[in-house]
Amino acid sequence: MSKNALTQFADIPFVSAENLQPPAGLPTNVDTLDQFLLWKGIPQGDLSLLQGTPGTGATSLWVRIVEQVHAQNKWAAWINADTQLFPTYLANHGLNLKKLLVVKEPKEHEQLFWILQELITSSLFEVIGCNLKEFFLKNHQLQKLKRLCRVHKVALVFINQKPQRFINPLFSLIVLFQRDFITIQRALHRPTPFNIAGSMIHANFMHQFKNAARKLLS
Amino acid sequence: MRTLCINLKTPQESSSAEAFLIISPRVQFRFPHFIFIDISSTSHFFGGEARCLKKALEVAETFCADACGAIADTPPAAQMLARWKPLCIAPPDKEHEAFHGLGLDALKDLEGLQPWPQKRPIEHMISFFHTLGVHGLEGVLNFRLNSLRERWGDFGVLLWNRLHSQDLQVISPLVPRDPLVGYGYFDDPIAAVPLLMNHLQPTLNILFARLLGLARYAQKLEVLLHCEYSDKQISLQIEPVSPTRDQILFQDLLEKKLSSLVLENPIREFEVTLFDVPEKVQQLDFFEPRDNSTDRWRRLISFAKQSQCEMGFLQMEASHFPEHSFRLVTDWPEDFKAHDLIERQDDALQVKSVYAKGLSASPRPSLLLEKPQPLSSFEAGKLRFVSSLPSERIESSWWKISAQDLKNRDYYFALSQQGQLLWVFKDRINSQVYLHGYFD
């Protein structure tokens with residue numbers, strides 16, 4: 001019996017471990033994060049959620065991803081919430097403002113969903129960031145967006161300013177930014193929750209601080 | 001230009017315009033539910049404008065049961081007539097004759113491809129005309145351009161132009177780009193095949209109407225059913241022998257496949273994908289539109305404008321106040337970099353240094369509030385300032401000091417109790433603390 005079962009599997013072409021390709025992702029350039037995640041970055045063609053009160057570093061992580069996207073001369077898009085993206089910061093990080101489409105805060109919730117669909121289906125952008133004051137998208141809307149993202153190979157990143165307790169399985173990656181560390185709440189095929197010392201990322205994000213301090217002293 | 005406007009009454013996706021390509025290549029969708037078709041060069045194929053309108057309404061029925069339409073010279077007038085005088089065909093070059101008997105409320109629908117930027121001025125206009133004793137649209141036609149301009153400025157000019165067919169709005173050819181995909185979600189899960197087919201019907205109708213508009217044939221229909229319990233999905237694929245546009249054939253095949261299933265786990269949502277192939281006789285089209293990424297983003301921005309949502313690129317401006325140092329432009333932004341001006345004359349060289357050149361390199365937050373938000377003394381007391389000295393000081397117009405403009409600022413970095421890194425400033429006149437950005 002067992003012999004028969006083995007012969008059944010005999011002609012299946014198994015892929016060796018070194019030939020395995022991880023699914024496509026966009027690197028964040030934060031080494032610990034990239035090494036931990038399956039996609040070696042944030043998933044392309046899927047939904048990600050970065051959550052944390054403003055001022056904890058979620059947008060900076062998104063900007064770092066866009067940095068890599070712009071290095072390949074590709075496009076990115078951003079949707080504002082009540083706060084706006086500040087171009088001086090972006091220019092300091094070497095972002096190309098000509099390759100970043102910015103959308104002002106939509107007046108209605110329906111309109112935001114419509115804009116997201118339009119942005120994804122235009123298949124112009126590698127990564128789309130959407131800043132939300134509060135997460136209001138329904139599950140069936142997320143499902144539709146997820147499908148569109150998969151078809152058009154777009155990484156859609158939501159940045160939620162009001163962290164939710166509920167871990168929605170529709171997101172392939174959920175990262176919570178806290179005071180001293182960041183927690184990966186959900187990542188496909190990886191043991192979660194997983195904590196990363198925030199200070200390390202913070203130090204990277206805030207390198208400009210050190211320069212400023214030096215400038216003030218001299 | 002003769003324009004046909006269809007009012008679909010319920011919000012639609014922009015891809016619905018593709019179904020109307022059988023009437024004219026120049027079709028445009030406007031958020032939320034208007035379709036504008038330029039029929040000036042194609043109406044004679046249908047045997048006149050009345051038949052053309054009838055044909056368009058037949059197509060519109062697949063999207064909305066009580067769609068209405070009208071024909072006029074310009075998109076604004078066509079939209080207005082579609083709402084207030086359905087099925088009306090305004091006489092060519094004399095569209096104002098069709099305005100007879102319309103009330104002033106019709107002005108709200110005189111929009112066309114570009115909606116009124118705000119509703120309030122138009123409401124104000126209507127009430128003003130009422131106080132003058134003008135209650136019909138014909139009365140408004142008698143006003144001269146100058147009198148409207150004097151009272152309402154550019155807005156009055158726009159109204160006059162739209163009323164007198166002077167507002168030129170061009171409907172450009174539609175380039176289809178949405179995949180042939182339909183989606184539906186049931187509030188109550190369904191387990192009966194006839195009921196399910198009934199719900200799939202409108203989605204299939206729309207997909208096949210679009211297929212006809214695109215002049216393509218369906219090779220394969222894929223239906224993905226998501227079940228209510230567990231993550232189970234049922235995938236059905238229907239592929240006739242040859243590509244066809246026969247909707248009834250596809251429906252029959254689908255129904256047969258569905259009836260062989262056991263739907264103990266009821267269906268919560270479905271996705272329908274139609275795989276299309278070009279017509280069997282391939283015709284070389286020399287006027288095929290070239291679609292590149294520049295065109296695509298221009299189209300995206302024009303769509304956004306029609307739905308009254310601003311979208312564009314950030315452009316740096318020459319101002320040392322953070323909130324004035326950038327704006328959103330819809331064209332390619334020009335880089336703004338402060339350079340020293342170097343003047344040469346023979347061997348002499350003079351450098352005129354630019355003021356505040358270092359500002360662009362100074363540490364700035366990633367998110368900026370639209371307006372500085374004042375913090376109460378209690379909130380400000382809870383903040384931990386990173387340094388005792390300000391990181392920068394921004395001032396302007398020392399000769400007119402006033403507290404309202406917030407023109408004397410000392411910027412600090414501060415940490416909140418929740419560990420948020422904030423960009424705050426103290427106004428030097430009333431020493432009030434304002435929150436201006438987040439290092440997010």
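Two residues count as in contact here if their C-beta atoms, placed from the backbone, lie within 7 Å. In chain A, among contacts between residues at least 6 apart in sequence, 67% join residues at least 24 apart. The model is a predicted one, and local features need pLDDT of at least 70, side-chain atom pairs count only at pLDDT 80 or more, and totals for chains, interfaces and linings use all residues. Residues are numbered from 1 along each chain as its sequence is written, while chains are lettered from A and ligands numbered from 1 in the order in which they are written.

Chain A carries eight helices and 11 strands; helices (H or I, at least four residues) and strands (E, at least two) are DSSP runs, numbered from the N terminus. Of its 218 residues, 44% are buried, that is, 20 or more other C-beta atoms lie within 10 Å of their own, C-beta atoms being placed from the backbone (exposed is 12 or fewer, partly exposed in between).

Now for helix H6 (139-152) of chain A. H6(A) has 14 residues and spans 20 Å from first C-alpha to last, close to the 20 Å expected at 1.5 Å a residue (the expected span being 1.5 Å times one less than the number of residues). Its buried residues are Lys144(A), Leu145(A), Leu148(A) and Cys149(A). Looking down the axis of H6(A), these fall within an arc of 140 degrees, so they line one face of the helix; the arc is that of the directions from the helix axis to the C-beta atoms. They pack against strand E3 (46-51), H5 and strand E8 (155-160) of chain A, together with strand E5 (181-190) of chain B. Just after H6(A), Lys153(A) takes a positive phi of about 55 degrees.

On to the contact between the chains, which takes 43 residues from chain A and 49 from chain B. H4(A) gives the most to chain A's side, with five residues. By class, that side has 21 nonpolar, 15 polar and seven charged residues, where Ala, Val, Leu, Ile, Met, Phe, Trp, Tyr, Cys and Pro count as nonpolar, Asp, Glu, Lys and Arg as charged, and the others, Gly among them, as polar. Leu101(A) has Phe313(B) as its bridge partner in E9(B).

Chain B has an open sheet of four strands in the order E2-E3-E1-E4, with antiparallel pairing. Strands E2 (27-30) and E4 (68-72) of chain B stand at the edges with a single partner strand each, so one side of each is left without a neighbour in the sheet. Four bridges join E2(B) to strand E3 (residues 34-38) of chain B, and Gln28(B) stands opposite Phe36(B) in E3(B). Helix H2 (residues 75-84) of chain B packs on the sheet, touching E1, E3 and E4 of chain B, and its direction makes about 40 degrees with that of E1(B). Axes are lines fitted to C-alpha atoms, for helices over the stretch in contact, and angles run from 0 to 180 degrees between N-to-C directions.

Elsewhere in chain B, helix H5 (residues 145-152) and helix H6 (residues 154-163) pack at about 145 degrees, with their axes 6 Å apart. Among the residues making this contact are Trp152(B) of H5(B) and Trp160(B) of H6(B).

Conventions:
Two strands pair if DSSP finds at least two bridges between them.
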